[in-house]
Structures are given as C-alpha cells and as structure tokens.
Amino acid sequence: MTTASKAKNKAGTAAEQLTRGFRGVLVFLFGLSGVINILALTSAFYMLQIYDRALTSGSIPTLLALSVLAIGLYLFQGLFDVIRSQILVRLGARLDRRVAPVAHQVAIDMPRFGFSTAEALERGRDVDTVRGFLGSQGPIALFDLPWMPVYLVFVYLLHPWLGGLTLAGALVLTSLAIATELMTRRLAQSTHRAIIERNTVADSNARNAEVLKAMGLTGRAVARFNEKNARHLSLQTRANDITGTFGAFSRVLRMLLQSALLGLGAYLTIIGELSAGAIIACSVAATRALAPVDLAIGNWKNVVSARSAWRRLKETVVALSNAVEPMQMPGPKGSLKVEKITVAAPGSGRVLISEVEFELEAGSALGIIGPSGGGKTTLVRALTGIWPTLRGSVRLDDVELSHWREDALCRHMGYLPQDVALMDATIAENIARFEPDPDPRAVLAAAQAAGVHEMIARMPEGYQTPLGAQGMALSAGQRQRIGLARALYRDPFLVVMDEPNSNLDAEGEMALSAAIKGIAERGGIAIVVAHRPSALSAVDQVAVVQNGRITAFGPKSKILGPQGRPVEATPAPANRPEPRVTARVSA
C-alpha cells in the first residue's frame, strides 16, 4: 500500500470516528420515523370510517369505539415524536462532546498557519451549527421524506386519479427543493466567507479598542465594519429571498393541490366512484405526504448551513489525523542546534529568515539583537515550534522539535512572548500553566526565580488573585513578570524570551538578569531577544540578526563594542529581493 493510500485510509478512518456509534441510532430513528408516519394515517382512516361507517349506520357505539382507538393512536404518535426529538437533541450533544475539543484544538493551531482568529473560531461555531440543526425541524423533515410513498399508496388505493394528482404535486414540490439547493449552494459559500471577513474586522476592532478610542479612529473602524457587514447582509438577503420565495411557492402549490384533490374527489363522488369519507381521507393523507417537502424547503437554509459546517468539521478531523504522534523522548540536557533554518510568514509566504544556524551547549545564555524587522521574533517563533520551518531543523539533544510530543516538549521549554497574554484565571493557575494538580512549591519557586513573589504576596488574594480577561487587572510590567514566572515554571531546559524587559522597571530588570543567570547556572539554555542593552547583562553569547540572517555570532565581549553596538554587524543590502513561498497550511 502506498503512502498516499495509507494517508487516505487514515483520513477516512478519522472521519468515520466522528459518527462512530451513530449509525445504529440513525437506523433506529429511520424505523421510528416509519412508525410515526404510519400512525399519522390515523386521521385519514378516522375520517374515512366516520363518514362511511358511523354516519351511515348512525351507531354511537361505533363512533365512540373509533374515537377511543384514534385517541390511543394519536397518543402513541405523539410519544414516538417526542422520543425522536429527544434522541436527535442528545445525538447533537454527543457529537458536540466528541467534536468540540478537536475543533477547538485546530482553532488554537490555525492562527499559527496564517488564518485569522475569526476563521479559527468558525470551527467552534460549526459545532454549534450542527448541534443546533439536529435539534431543529430540519432532520425531522429529512427522516419523513422517505416515507412519502406510504401516503401516496394510500391515496392511490382510494382512487388512481387522486394518487396520480398527489404524485404530480409531490414531484413539483421536490423540483422546487432541488432548485432551492442549486441556487443557494454557491451563495451559501459566499455568505460564509463574508461572515468570516466581517467577524475578522470586528475581532480586530475589539482587540485594538484602546488605540481606536485614543486616536479617534472609532468612526473609521465602524465604517470599515459596515462595509464588510453590508456585503454579508446583501448575500444573506439574496439567500433568504431565494429560500423564502420557493417556500412561499411550495405553500401555495400545496394549498392548490389540496383544493384540486377536494374538487377531483367531489367529482368522483358525484359520478359514484368515491365515497364522501374518502374525499376527507384523501385530503388529510395528501397534506401529510407533502408536509415533509414543504418543511424541508422552509428549513433549507439550515440544511445547507449544517451540511457545510459538517464538511468543514470532517476536514478538521482529517487535518488532525494527518499529524503523526511522536514517541516519548527523554528530557533534553545537552544542547540546542539550529541547522540552516528558513522560515516564511504563514499566509503571505514571505521568507523572513534564511539559512540561520548556530549551536548552544547547556549552561549558555544567548542574546539576540538587531534592527526592527530583521527577523528576531521570527527566529524565536521557529525556536519554540510556533512557526514551522521550510528548510532546516531545530534540535534539542539532536532530536528535531517536530519529533517531540507537544505535551512533553512544553515541560522542557519556557516562552515569554513580546506581547504577554495571561489567561482569565488566577495568578497561580497562569504560572502553573493550568496543570490539573500543580505543585504549590513549584509555583512559588517560579515566582521567586522571576522576582515576582513579593509583588504577588502583597495582592489582596495573593496567588489566588483572578486576573480577568487577558490579565487586564495588572499593569504591563506586572503581566510581563508573571509571564516570566510562567516561562520558568518547573525549570525548563530551554527558556526563550522576546523583549522580556520592554515594560520592566529597574527592579524588574534586576530580577530578569538574575533569572537568566539562574537558568544558565542550573544547566539550562536561555535565549533573550532585546533592544535594550540591560537585558543582555547576564548573557555570554550574542547573535546579530539582520535581513533574515545571522551576521555575527560569538562571545558577548567580541560582538558588542564599548557602546553596546554590534562590532561585526553588516549593513543591509539595498533593494534586496524578497522571495516568496506558499506557507499557508489548511486546517
């Protein structure tokens, strides 16, 4: 079997896991729908017997017996209908429990590969869409559609002409459903893309609310949102117009068909080929036969949305299935090797660093400097595995990052990003990285290593202080120091810090220097990206990154001059072309 065939089979197996155990439930629901639809003939038979037997005989006991029997059958039909609805709701909840964690995992990864936050969050909304659809009238219409022939046969048995007229009406309504599908399929895709674009702008505006307010850009931001929202509303209006128009036509045709059946039944009764009770029974049965089609057309928008959401969820699961689960590796103790890595920005494909290589032994502390836009942050993202490399490798003890299990790698790596993002939880939970059962001594040790223990202890609730959304209850400097404590939790082998002193005061910078020294002294590796020379006081190696390449690397004393400027830095070449590659990965 070829690699492609194995990957295809694996993807198919992963997609099947979404509905594992559901097939039997769906077969049961199909059978239950058959029972419900057969019981739905009760009203037709009741009318037929009332008009043709009870009224002609004038027997009250017959009327009472027929009525009691009909009530009993109606109760059974209602009970089975409730059971079907409850099963569908629970089926949606079970699917949510199974798929939502997978969808959220992919949503977390998607921004790393160039997708917007709004696109990533759509995976969660897709789960809600499918679950909501299963609890609506849409699935009921789809389960009832296959049982239309039961009613057509019943009407045909009353009289072939009535059966033919009902069949013709069913074919016309089915044609309307198909036309609705053909006209809304492509429009639904465009509407979904427009929703994502609108939500992307809304998310960007919300994230930059302070800047918009301070610089008077709120009006322009709202105008930009309105532009995207107008396109979304236009597409949605067109889709609703189509489904609404066909839905109205289907209802009118159904009423015309009912009247036509009554008129034809009256004619057949006049010429002696049909009884009066059969006219009523035919009208009731024909109405029930065409109701699923009418209901399906009315809910077609939900059907299309659920189908598209389900397709994206299957793609999400398949994308995860393609990832190989690495074997467990021992904790790194010796070295970090960067072997000629080339990294491009996800989404745009623009190469940001090229052919970067260096090696650090345990106990080293490296400072990375260089001009803005030179590639320092990109290098950090590659070293931590946030962005994949196009070429080359990043290795811990000769093991490439991609060969580590993510949960194992995170125990040996600490990361302090340029923009510190703390979660909506307590300080202790943030420092402990949300471990299920964190060690309080390890939390305290990390806080002390970051020099933030005293600050936390002075807070009203200490380590149990809730931080709120994005840690906005703290100042930028406090967030940065708690972020440093999180990076140092459980003494990781590699600690990477991007501009760790950008918001620190003198006391915080002293604590940072002590933390960097502590990492090296315990046999770890510290990497610090900095513009301010004070962050480099504790490093012993310095690398200069310019134009996506390392232009100088070596001991700090040789790389930095008396004024803290790179001695061997090379000027950036003018008009240097920017190669592009395709780096966007589908999730």
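This is a predicted model: local features need pLDDT of at least 70, side-chain atom pairs count only at pLDDT 80 or more; totals for chains, interfaces and linings use all residues.
I'll start with the charged pairs. In general, side chains of opposite charge can pair when their charged atoms come close. The structure holds 15 salt bridges, and I'll show a few of them.

Take Arg 312 and Asp 126. Their side chains meet in a salt bridge, at 2.8 Å from N to O. Arg 312 sits in helix α12, residues 300–321, and Asp 126 in helix α5, residues 117–134, so this pair ties together parts that are 186 residues apart in sequence. Are these two residues buried or exposed? Both Arg 312 and Asp 126 are buried.

A network of salt bridges links Asp 81, Arg 84, Asp 144 and Arg 288. One of its links is Asp 144 with Arg 288, where the closest N and O atoms are 4.0 Å apart. Asp 144 counts as buried because its relative accessible area is 7%, which is under the 20% cut-off. Arg 288 has a relative accessible area of 24% and is therefore partly exposed.

Arg 84 is in helix α4, which runs over residues 60–109. Its relative accessibility is 1%, so Arg 84 counts as buried. What is Arg 84 in contact with, once its neighbours within four places in sequence are left aside? The list is Leu 29, Leu 32, Ser 33, Ile 36, Ile 140, Phe 143 and Asp 144. Asp 144 on that list is also a member of the salt-bridge network with Arg 84.

Now the aromatic side chains. For orientation, a pair of aromatic rings is described by the distance of the centres and the angle of the planes. How many aromatic pairs does a search of the whole structure find? There are four. One of them is Phe 45 with Phe 154, an edge-to-face pair with 4.9 Å from centre to centre and 65° between the planes. Phe 45 is in helix α3, residues 42–57, and Phe 154 is in helix α7, residues 148–158; the two are 109 residues apart, and the pair links distant parts of the chain.

On to helix α10. This helix covers residues 218–270, which makes 53 residues. From first C-alpha to last, α10 reaches 75 Å, close to the 78 Å expected at 1.5 Å a residue. After α10 comes Gly 272, with a positive phi near 85°.

Helix α10 also contributes to a surface feature. Val 172, Val 252, Leu 253, Met 255 and Leu 256 form a nonpolar patch on the surface, and together they have about 430 Å² of accessible area. Which element gives the largest share of that patch? The largest share comes from α10, with four residues. Leu 256 is located in helix α10. Why does Leu 256 count as exposed? Leu 256 counts as exposed because its relative accessibility is 53%, and the cut-off for exposed is over 50%.

Last, the backbone angles. Most residues other than glycine have a negative phi, and most peptide bonds are trans.

One is Glu 355, with a phi near 55°. Glu 355 is part of strand β2, residues 351–361. Its relative accessibility is 36%, so Glu 355 counts as partly exposed.

The other is Asp 491, whose phi is positive at about 50°. Asp 491 lies in the loop between α18, residues 476–488, and β7, residues 494–498. With a relative accessible area of 51%, Asp 491 is exposed.

Asp 491 brings us back to salt bridges. Its partner is Arg 522, and the closest N and O atoms of the two are 3.7 Å apart. Arg 522 lies in the loop between α19, residues 506–521, and β8, residues 525–529, so the pair ties together parts that are 31 residues apart in sequence. Arg 522 is partly exposed, at 34% relative accessibility.

Definitions and conventions: Residues are numbered from 1 along each chain as its sequence is written. Side-chain values use heavy atoms; hydrogens and water are left out. The expected span of a helix is 1.5 Å times one less than its number of residues. Buried means under 20% relative accessible area, exposed over 50%, partly exposed in between (1.4 Å probe, protein chains only). Contact means heavy atoms within 4.5 Å. Patches are made of residues with over 30% relative accessible area and no salt bridge: like charges are joined within 9 Å, nonpolar side chains (Val, Leu, Ile, Met, Phe, Trp, Tyr) within 5 Å. Accessible areas come from the Shrake-Rupley method with a 1.4 Å probe; for residues, only the protein chains shown count as cover. Rings of Phe, Tyr and Trp (its six-membered ring) pair if their centres lie within 6.5 Å; planes under 30 degrees apart count as stacked, over 60 as edge-to-face and the rest as tilted.
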